[in-house]
Every structure is written in C-alpha cells, then in structure tokens.
Amino acid sequence: MSAKPRIGAHVSIRGGYAQAARAAWKSGAGSFQYFPKNPRSLQLKAVDTRDAGACASYCREKGLLSVAHTPYPTNLAAGETDSPTREVMVRSLLNDLEIAEACGSLGVIAHFGHFQKLPPLQGYQNIIQCINETLQSWTGTAKLLIENQAGNGGFEGTTLEELVKIRELSRYPEKIGFCFDTCHAFAAGIWNPERSGELLESGLRLDYWPHLAAIHLNDSRYPYSSKRDRHAGVGKGLIGEKGLKELLTSEPLLGKPAILETEKGADGTHRDEIAAVLSWFEA
C-alpha cells in the first residue's frame, strides 16, 4: 500500500484552530475535522487570519490534512421561503469555505440536504441552486464536499447516483467533491460489508471515487438498511472491523483523510482508536 493512511477524528476548536491541529497531532492523527464556527448556529464568524494561518502552517509542517464540517442547521435543500432561507445558507457556506481556506483545509463537508415536505424534483433543484449561488463567487482551493445520508430523514441523498448527478448538474463541478460516511452507507443499504466489491465497482462506474476527498469512518449501532444514523466505535458496531478494514484499505480510499466521529476514549482523545485503525495498514 503506497498511500500513507490519514486516520484522524473530529476535534474541538475551543482553544482555536491551531490548538485543534496540535491536539490532533498529539493523538497520533494524520488528519482531523473541526467545526469552523458554532455548530448549532449559522451566524457568521469573522475569520481569525492569525490563528487560521498558524493552523495551516502547523499542518504543512506535520503533514496533517484537515476538513471543516458545516454547522448542524445547514440544509442545502432550503428554499427562498424556508427558515433559515437559502440566502442565509449561502452566506454561511461561504463563511465556512473562507475559514477552511484560511486553515489550509481540503474543504467543507455538508450533508446532502433534507427535502422535508418538498416534492423531490423541487428539493434537487433547491440543492443545485444553493450550491451554484455559493460557488459562483468562490475562488479558493477548498472544496464543497457533499456527504451521503443515512435515510433517517427521508430517501434523499442516500445513493452515490444522487451525489454524482448533483455535482454533474451544478455549474461548478470542479469546486465540488465528496465525503463518504461508512455508517450512513450501511444504514441506507447501499453498502453491505459482505459484498464491498459491489459498492467499489458502483463508485468506479459512476465516477464517484475520483472525487472522494474525505471519509467518515464510523461503525453503526443499528442494522444494515435500518435507515437509522447512530455511530458506534470502530469494530464495536454492526458493520464490524472486518468490513470497515476491507473498505478502508481498498484502492479508491487509500490516502484519503478518514475521520472518526465516535465517542472519545477514557483519556479524552481518539488515540487508541486511531492506533487500532492504523494497525490495519501494517504488513
């Protein structure tokens, strides 16, 4: 395996972006994820260029990769009359991209979006419009990374076909990548760990894997195709270590930042879990 494994976890920015990077490195991580601002609000945050620049510099020095994750209220499918409105979403997404760029991150992860009571066609149109309005003025290198969903809020965003098509239909596909969540894929029923080859072949045929930028490495508390999104520690859920290892060590996923969104260990970090996953790559 030539590509260096980049295993990491979600870290807090309570002490700033540079401190988050240092904490990730101390835990043995090769990558990390963070919220660029308050995860429960779409309120804009001024870019702290000094702190963000220190984060970017530290990551370059250590060879760390990072990704940002949009706040929970973000919904790409929001329309002009929804609350929050599409205009609010666009401003918030641009703010996230600006912070991610300043921190030297690969991009900003956003869930596909929920339609609520919208007709599906309108929901897809809203997502494309939101993405277009966000990216039309964006000139940075950080990408918008669309994440697959588990299906607990509706069918939308659960298939690779949808994600690929949204990217194709947008005006700025070169500014868009993907984040693959293992728990979501398992819960949605698009990945059966007993038949990982089918998922890998599908992603290749659809041209999904070439645009994969990050992985959310999570086990699942609920069964295959349950449409329930509850993460479990790696190897401690119903996917199991064997299935996760087979997928993560497959060619299309090698070298991509794989982020744990699981509970911290007794020491308050993901050190043990990161070490366990890294052992999968040892000869």
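1. Helix 2 (residues 49–62) has 14 residues, which at 1.5 Å a residue should span 20 Å; its end C-alpha atoms lie 20 Å apart, in agreement. The expected span is 1.5 Å times one less than the number of residues. Helices (H or I, at least four residues) and strands (E, at least two) are DSSP runs, numbered from the N terminus.

2. The model is predicted: local features need pLDDT of at least 70, side-chain atom pairs count only at pLDDT 80 or more, and totals for chains, interfaces and linings use all residues. Residues are numbered from 1 along each chain as its sequence is written, and side-chain values use heavy atoms, with hydrogens and water left out.

3. The buried residues of helix 2 are Asp-51, Ala-52, Cys-55, Ala-56, Tyr-58 and Cys-59. They cover an arc of only 165° around the axis, which puts them on the same side of helix 2; the arc is that of the directions from the helix axis to the C-beta atoms. Buried means under 20% relative accessible area, exposed over 50%, and partly exposed in between (1.4 Å probe, protein chains only).

4. The buried residues of helix 2 pack against helix 1 (17–26), strand 2 (31–34) and helix 3, a contact being heavy atoms within 4.5 Å. Thr-49, Arg-50, Arg-60 and Glu-61 are exposed on the other side of helix 2. Just after helix 2, Gly-63 adopts a positive phi of about 75°.

5. Strand 4 (residues 107–111) is mostly covered, with 4 of its 5 residues buried. Its pairing with strand 3 (residues 65–69) is parallel, over 2 bridges, and Val-108 is the bridge partner of Ala-68. Strand 4 also pairs in the parallel sense with strand 5 (residues 143–147), over 5 bridges; here Ile-109 stands opposite Leu-145. Two strands pair if DSSP finds at least two bridges between them.

6. The chain crosses from strand 4 through helix 4 (residues 120–135) to strand 5 in a right-handed β-α-β crossover. Strand 3, helix 3 (residues 86–102) and strand 4 likewise make a right-handed β-α-β unit. Right-handed means that, with the strands pointing away from the viewer, the path from the first strand over the helix to the second runs clockwise.

7. Ser-220, in strand 8 (residues 219–220), is buried, with a relative accessible area of 0%. Leaving aside neighbours within four places in sequence, its contacts are Cys-183, Phe-186, Arg-230, Ala-232, Gly-237, Leu-238 and Ile-239. Ser-220 and Ile-239 are 19 residues apart in sequence and 6.1 Å apart in space, C-alpha to C-alpha.
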